[in-house]
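Here are my notes on this one, as numbered points. Have the model open while you read.

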Amino acid sequence: MTDGFSVPGPAAADTLAASVSRVAELADRLGLSHGEVFDVHQLSEASGVPADTAAALLEGRPAGEADLQARFLQRFDLLRRTRLKPNGRRYTQQEIADGAGMSRQQAGALINGDRRPTMEHCDAIQRFFGVHAGFLTADDTQALNDALLRTEQRLLTDFAGEGDPLERLLLDHGVRGIAWRAAQLPTDKHRDKVTEWLDMLLELYLIHI
C-alpha cells in the first residue's frame, strides 16, 4: 500500500490469466469471437488501461506499470475524452470542479499534474463521471481484471438465461467478484459479514420460487 493506494500483488498476473481463460471459454460456448469479447479498445475504455498495455497483459506479456501520478493523469484524461455530456461535448474544468466538490483551481492542478491526488479527490471524480471505485487508482493488471470480471458477468447472464434460482442469485449479484473481493478483506469478522449477506439473499430467493 502506498499513500492509501493499492499496488500490484504477486498473484495479480495469475488472477488475470484465470479470468482470461474463463471468459474465453464462455465466449466459445456462446459462439462469440475472442476478438469481440477481448476488444482491447473497449476494455481500455472500461478499465482505464491503455489499449497497448491491455493487449500485452491479455497475452501474458509484461507491460510495466506507470507510477501512481502517471496512471491517474492518463485515466483522468481518458474519462474527460470518453465520458461526455448528453450533447456530446466534454465537461469543462469548472463543471468537473463543481460536480466533484472542489475549486476550479484544484481541478486544474489535478488535470495538469501539478498536484498529487488524494483518495478523496479520486472518489469525488469517479462519482462525478459515474465509474466504479478504483478506476483512477487500481494498478493496470487489477483494473483490467475487474473489467474482465464484468465481461464474464454479462456472458454468464447470457449463458444461463432464466435457469435455476440459485444460478440467478450467483449471476445477479456477481458472487464470483464478491468472493474474490471478500478474500482481500483483512479479518474473518469482515468475511463473515459477507457470508451473512449472501445467506440472506439466498433465503429471499428461495422464499420467492
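1. A quick convention before the details: contact here means heavy atoms within 4.5 Å. With that, F72, F76, L79 and R80 in helix 5 meet C122, I125 and F129 in helix 8. By class, that contact has six nonpolar, no polar and one charged residues (Ala, Val, Leu, Ile, Met, Phe, Trp, Tyr, Cys and Pro count as nonpolar, Asp, Glu, Lys and Arg as charged, the others, Gly among them, as polar).

2. Some housekeeping: this is a predicted model, so local features need pLDDT of at least 70 and side-chain atom pairs count only at pLDDT 80 or more, while totals for chains, interfaces and linings use all residues. Residues are numbered from 1 along each chain as its sequence is written, and side-chain values use heavy atoms, with hydrogens and water left out.

3. Of contacts between residues at least 6 apart in sequence, 66% join residues at least 24 apart.

4. Back to the first pair. The axes of helix 5 (residues 68-82) and helix 8 (residues 119-129) come within 11 Å and cross at roughly 20°. Helix 5 is therefore roughly parallel to helix 8 (angles under 35 degrees count as roughly parallel, over 145 as roughly antiparallel, 65 to 115 as roughly perpendicular and the rest as oblique). Axes are lines fitted to C-alpha atoms, for helices over the stretch in contact, and angles run from 0 to 180 degrees between N-to-C directions.

5. How do helix 3 and helix 4 pack, and at what angle? Helix 3 (residues 40-47) and helix 4 have axes 9 Å apart, at an angle of about 110°, so the two are roughly perpendicular to each other. V40, H41, L43 and S44 of helix 3 make the contact with A51, A54, A55 and L58 of helix 4.

6. On the interior, 37% of the 209 residues are buried (under 20% relative accessible area, with exposed over 50% and partly exposed in between; 1.4 Å probe, protein chains only). A nonpolar core is a set of buried Ala, Val, Leu, Ile, Met, Phe, Trp, Tyr and Cys residues joined through side-chain atoms within 4.5 Å. In the largest one, with 20 residues, F38, L58, L144 and L148 touch the most other members. Helix 1 (12-30), helix 4 (51-58) and helix 9 (140-160) each give two or more residues to this core. A second, separate core of 18 residues includes F72, L79, F129 and F135.

Definitions and conventions. Helices (H or I, at least four residues) and strands (E, at least two) are DSSP runs, numbered from the N terminus.
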